[in-house]
Amino acid sequence: MTYEHAIQVVAHRGASEDAPEHTLAAYLKAIDDGADALECDIRLTADGQLVCVHDRRVNRTSNGRGAVSAMELADLAELDFGSWKVTPGGRGHGRTSDDSLRSLLDSDAEAPDLELSRVLTLERLLELVTDTGRRVELAIETKHPTRWAGQVEDRLIELLAHFGLTKPAGGERSQVRVMSFSSRSLRRVRTAAPELPTVFLMQYVLPRHRDGRLPGGVHIAGPSIRILRANPGYVARLHRAGHRVHVWTVNEPGDVELCVRLGVDAIITNRPRQVLSQLGR
Ligand code: G3P
Ligand code: CA
């Protein structure tokens, strides 16, 4: 089946069903798969570097233990963020099979094998999206930003400015957008970089947002798929209020169908290849 509405397909933490989330392997696989955009979560290390890690601690996705915020980048760089996913028997056993990660990729991507499973800095990910041969957008989520009193956003804007990504070139759509569950974080981003689109993520709908209006200045709504299953009419209300709608995390074919029927603007998924093929692409 082919669908008329052009829906952007966003690889959540990379092609994270096939490859270990937030690794270079997962993002290269998503690009190979044809994803329109990549999603990542960012956290600050003890020495002020932004790294792509979802959880507060590294325990689930690496062979190390401890909070990202308590570790320096050099400590994180020692860890293996791949073996929990690719080694039979589960997390932390043995070393990453770099051959397994390499074999996931169609391309001859120029990444040393070891880099495929190491901690990924936001800087490296920005290098990837700006140098990948076709347009790939990036949706960056600030994790627990309030704890850091603006440091996450400040470092983020500094890095984006370095790559020339805080302002879209002449009338084009921005290649990068910033997402957060925290409206304060998004406000801080908009103050520093007013032309960067912001996405307000929602796990549930607060009474003040029921009519589709979101915190001032927010461009895009980011409801969870659960919200839409329970309340499909919400997409139309968000659209009427002038917001585009980017939905997470949509992995099941029935949910993809629902998103298509409701006319959402982007689907954030762990399975970019499957979703693209369901959309006839
Ligand atoms: O894309 C938004 C989604 O990633 C938010 O949830 O927990 O996966 O970061 P989480
Ligand atoms: Ca996220």
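Two strands count as paired if DSSP finds at least two bridges between them. Helices (H or I, at least four residues) and strands (E, at least two) are DSSP runs, numbered from the N terminus. In β8, V245 stands opposite A221. This is a predicted model, in which local features need pLDDT of at least 70 and side-chain atom pairs count only at pLDDT 80 or more, while totals for chains, interfaces and linings use all residues. Residues are numbered from 1 along each chain as its sequence is written, and chains are lettered from A and ligands numbered from 1 in the order in which they are written.

**Overall content**

- The protein has eleven helices and nine strands.
- Of its 281 residues, 43% count as buried; a residue is buried if 20 or more other C-beta atoms lie within 10 Å of its own, exposed if 12 or fewer, and partly exposed in between, with C-beta atoms placed from the backbone.
- Among contacts with a separation of 6 or more, 57% join residues 24 or more positions apart; a contact requires C-beta atoms, placed from the backbone, within 7 Å.

**Strand pairing**

- Strand β1 (residues 8-12) has four of its five residues buried.
- Strand β1 runs parallel to β9 (residues 266-269), with four bridges between them, and Q8 stands opposite A266 of β9.
- Three bridges pair β1 with β2 in the parallel sense; here V10 stands opposite A37.
- Strand β7 (residues 220-223) is covered on both faces, with I220 and G222 buried on one side and A221 and P223 buried on the other.
- In a regular strand the side chains alternate between the two faces of the sheet.
- Strand β6 (residues 198-202) is parallel to β7 and joined to it by four bridges, with F200 and A221 as bridge partners.
- Strand β8 (residues 244-247) is also parallel to β7, through two bridges.

**Nonpolar core**

- The largest nonpolar core has 74 residues, and V10, L38, V51, I140, V247 and I267 have the most contacts inside it.
- Such a core is a set of buried Ala, Val, Leu, Ile, Met, Phe, Trp, Tyr and Cys residues joined through C-beta atoms within 7 Å.
- Helix α1 (residues 24-33) supplies the largest share of this core, seven residues.
- Leaving aside residues up to four places away in sequence, I267 touches I7, V9, V10, V247, V250, V256, C259 and V275.

**Helix α5**

- In α5 (residues 122-130), the residues L122, L125, L126 and V129 are buried.
- These residues lie on the same side of α5 because they cover an arc of only 100° around the axis, the arc being that of the directions from the helix axis to the C-beta atoms.
- The buried residues of α5 pack against α1, β2 (37-44), β3 (50-52), β4 (137-142) and α6 (151-162).

**Residue E21**

- E21 sits in the loop between β1 and α1.
- E21 counts as buried because it has 26 C-beta neighbours inside 10 Å.
- Its contacts, not counting residues up to four places away in sequence, are R13, G14, S16, A26, H54 and T61.
- E21 and C52 are 31 residues apart along the chain, and their C-alpha atoms are separated by 9.2 Å.

**Ligand 1**

- The residues around ligand 1 are H12, E39, D41, H54, E141, L201, G222, W248, T249 and I268, where the C-beta atom, placed from the backbone, must lie within 6 Å of the molecule.
- This shell has three nonpolar, four polar and three charged residues; Ala, Val, Leu, Ile, Met, Phe, Trp, Tyr, Cys and Pro count as nonpolar, Asp, Glu, Lys and Arg as charged, and the others, Gly among them, as polar.

Terms used:
Contact = placed C-beta atoms within 7 Å.
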